[in-house]
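I set out to record what I looked up in a structure that was new to me. My entries run from the overall layout to single residues.

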Amino acid sequence: MNFNDIFKSSFLEKVTAVSILDMAVALTLAFCLGLFIFLVYKKTFQGVMYSSSFGVTLIALTMITTVVILAVTSNVVLSLGMVGALSIVRFRTAIKEPLDIAFLFWSIAVGIVLAAGFIPLAVIGSVIIGVVLLVFVNRKSHCNPYIVVLTCGGHESEMTAREYLDKMTGRCTVKSKSAQKGMVEVNFEIRLKDDNTDFINKLSEMPGVKSAVLVSYHGDYMG
């Protein structure tokens with residue numbers, strides 16, 4: 001075995017397995033589509049605290065997936081080793097918003113499809129998914145539920161406030177109620193008739209009502 005044979009048997013022979021042009025095109029498209037996913041996420045975010053790091057993660061995840069799939073498609077043996085390596089990875093970060101899972105899978109899917117060479121599918125599919133998310137997530141509906149936290153001085157003021165809420169809202173149901181001596185706290189789930197929330201101001205000024213709080217409610221109720 002001479003000096004040339006050593007280099008021939010090394011991993012340097014695999015440098016040309018994926019061409020520089022293919023890598024450049026795939027990573028450029030992955031960055032552009034990842035940026036598009038990030039912009040859609042930013043426009044459709046409806047959580048409490050916006051995390052810019054998660055948006056950057058979507059871009060990075062798209063590009064990383066593209067790199068991994070490019071490597072896997074160029075070598076069958078490497079693909080088997082990659083499956084074994086990734087099977088032991090565990091993530092401990094909790095997903096707070098259910099919609100975030102869709103964005104994570106979207107980024108991974110785009111990276112896989114791009115690296116596989118289905119560029120029209122990745123581009124057109126991403127545009128369609130982005131339009132669907134922008135239309136349905138940002139759609140404003142007056143039927144969104146709200147929670148009214150009402151603190152009253154007794155049963156009479158509670159009934160008066162309840163009758164007022166029934167009159168001013170589309171629907172009003174009791175979610176929970178706690179009573180102490182001289183004080184009653186009731187949580188109502190309501191549906192607004194329109195965007196006007198001035199009824200809360202008038203409700204708080206009613207005799208016997210100590211406080212009235214209106215809270216946006218997305219359907220996750222504990223109690």
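The entries below follow the order in which I looked things up.

**Entry 1. Basis**

I worked from a predicted model, in which local features need pLDDT of at least 70, side-chain atom pairs count only at pLDDT 80 or more, and totals for chains, interfaces and linings use all residues. I number residues from 1 along each chain as its sequence is written, and side-chain values use heavy atoms, with hydrogens and water left out.

**Entry 2. Overall layout**

I found eight helices and four strands in the protein. Here helices (H or I, at least four residues) and strands (E, at least two) are DSSP runs, numbered from the N terminus. Along the sequence I read the pattern α-α-α-α-α-α-β-α-β-β-α-β.

I then looked up burial, where buried means under 20% relative accessible area, exposed over 50%, and partly exposed in between (1.4 Å probe, protein chains only). Of the 223 residues, 27% count as buried.

For contacts I used heavy atoms within 4.5 Å. Among contacts in the protein with a separation of 6 or more, 72% join residues 24 or more positions apart.

Axes are lines fitted to C-alpha atoms, for helices over the stretch in contact, and angles run from 0 to 180 degrees between N-to-C directions.

The axes of α2 (residues 20-44) and α5 (residues 98-115) come within 10 Å and cross at roughly 165 degrees. Therefore α2 is roughly antiparallel to α5. Angles under 35 degrees count as roughly parallel, over 145 as roughly antiparallel, 65 to 115 as roughly perpendicular and the rest as oblique.

I recorded this crossing of α2 and α5 as right-handed. A crossing is left-handed if the near helix is turned anticlockwise from the far one by less than a right angle, and right-handed if clockwise.

On the α2 side, the residues that meet α5 include Ala26, Leu33, Phe36 and Tyr41. Their partners in α5 include Leu99, Asp100, Phe103 and Trp106. By class, the contact of α2 with α5 has 13 nonpolar, two polar and one charged residues. For these classes, Ala, Val, Leu, Ile, Met, Phe, Trp, Tyr, Cys and Pro count as nonpolar, Asp, Glu, Lys and Arg as charged, and the others, Gly among them, as polar.

**Entry 3. Helix α2 against α6**

The axes of α2 and α6 (residues 119-137) come within 10 Å and cross at roughly 5 degrees, which means that α2 is roughly parallel to α6. Among the residues in contact I listed Leu29, Val40 and Lys43 of α2, and Val123, Val127 and Leu134 of α6. The residues of this contact of α2 with α6 divide into 11 nonpolar, three polar and one charged.

**Entry 4. Helix α5 against α6**

How do α5 and α6 pack, and at what angle? I found an angle of about 165 degrees, with the axes 9 Å apart. Therefore α5 is roughly antiparallel to α6. The crossing of α5 and α6 is left-handed. Phe103, Trp106 and Val113 of α5 are among the residues of this contact, as are Leu121, Ile129 and Leu133 of α6. The contact of α5 with α6 has 12 nonpolar, two polar and no charged residues.

**Entry 5. Nonpolar cores**

A nonpolar core is a set of buried Ala, Val, Leu, Ile, Met, Phe, Trp, Tyr and Cys residues joined through side-chain atoms within 4.5 Å. The largest has 18 residues, and those with the most contacts inside it include Val148, Leu150, Phe188 and Phe199. I saw that β1 (145-152), α7 (155-168), β3 (183-191), α8 (199-204) and β4 (209-216) each supply at least two residues of this core. The largest share, four residues, comes from β3. Apart from this core lies another, of 15 residues, among them Leu58, Leu104, Trp106 and Ala122.

I also looked up Leu150, which touches Ala161, Val186, Phe188 and Leu203, among others, not counting residues up to four places away in sequence.

**Entry 6. Single residues**

Val127 is in α6 and counts as partly exposed because its relative accessibility is 42%. Val127 and Phe36 are 91 residues apart in sequence and 8.6 Å apart in space, C-alpha to C-alpha.
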